[in-house]
Amino acid sequence: MHHREERELGSPAHVPIRTCVVCSVKKPRQSLTRLCVDPTGGLVFVDLKGCYSGRGAYACEGCIPHLRMNPRIRKAFRNKAKGLKTQD
């Protein structure tokens, strides 16, 4: 029997958990902001709509101002991140 089949009717649905790349706190995905890397320039930017394809990383809303290039960001994007895109 598969894991899905074992779930009882009326049980709560699965909630995806993600880790903030700044403070390392685990939270439900819906409460975090998604970050993406631009494939042409390698700059990390905030994906407000969550519509960009490819690898993503997540950060708490309060951690966005403290976002800096660090080993966690590089690891999250498999060393494809070259820098942070500044706000226009």
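## Nonpolar core

The largest nonpolar core contains 16 residues, and those with the most contacts inside it are Val21, Leu35, Val44, Ala57, Ile73, Phe77 and Ala81; such a core is a set of buried Ala, Val, Leu, Ile, Met, Phe, Trp, Tyr and Cys residues joined through side-chain atoms within 4.5 Å. Two or more residues are given to this core by each of S3, S5 and helix H2 (71–76), and S5 supplies the largest share, four residues. Helices (H or I, at least four residues) and strands (E, at least two) are DSSP runs numbered from the N terminus, while buried means under 20% relative accessible area, exposed over 50%, and partly exposed in between (1.4 Å probe, protein chains only).

Leu35 touches, among others, Val21, Val44, Ala57 and Phe77, as well as Ile64 and Leu67, when residues up to four places away in sequence are not counted; contact here means heavy atoms within 4.5 Å.

## Basis of the model

This is a predicted model, in which local features need pLDDT of at least 70 and side-chain atom pairs count only at pLDDT 80 or more, whereas totals for chains, interfaces and linings use all residues. Residues are numbered from 1 along each chain as its sequence is written, and side-chain values use heavy atoms, with hydrogens and water left out.

## Chain and sheet

The chain has two helices and six strands, which follow one another along the sequence in the pattern α-β-β-β-β-β-α-β. Of its 88 residues, 26% count as buried, and residues 24 or more positions apart account for 48% of the contacts in the chain with a separation of 6 or more.

Four strands form an open sheet in the order S5-S3-S4-S6, with mixed pairing, where two strands pair if DSSP finds at least two bridges between them. Strand S5 (56–60) and strand S6 (83–84) stand at the edges with a single partner strand each, so one side of each is left without a neighbour in the sheet. S3 and S4 pair in the antiparallel sense over four bridges, and the bridge partner of Leu35 in S4 is Val46.

## Salt bridge

A search of the whole structure finds one salt bridge, a term that requires a side-chain nitrogen of Lys or Arg within 4 Å of a carboxyl oxygen of Asp or Glu. The side chains of Asp47 and Arg34 meet in a salt bridge with an N to O distance of 2.9 Å. Asp47 lies in strand S4 (residues 43–47) and Arg34 in strand S3 (residues 32–37), so the pair ties together parts that are 13 residues apart in sequence. Both Asp47 and Arg34 are buried.

## Aromatic pair and ring charge

The structure holds one aromatic pair. The ring centres of Phe45 and Tyr52 lie 4.9 Å apart with their planes at 80 degrees, so the pair is edge-to-face; rings of Phe, Tyr and Trp (its six-membered ring) pair if their centres lie within 6.5 Å, and planes under 30 degrees apart count as stacked, over 60 as edge-to-face and the rest as tilted. Phe45 is buried, at a relative accessible area of 15%, whereas Tyr52 is partly exposed, at 47%.

Lys85 lies over the face of Phe45, at 5.9 Å from the ring centre, under the criterion that NZ of Lys or CZ of Arg is within 6 Å of the ring centre and within 35 degrees of the ring normal.

## Positive phi

Most residues other than glycine have a negative phi. Arg78, although not a glycine, has a positive phi of about 50 degrees, and phi of Asn79 is likewise positive, near 60 degrees. Arg78 is found in the loop between H2 and S6 and counts as exposed at 57% relative accessibility; Asn79 also has its place in the loop between H2 and S6 and is exposed, with a relative accessible area of 55%.
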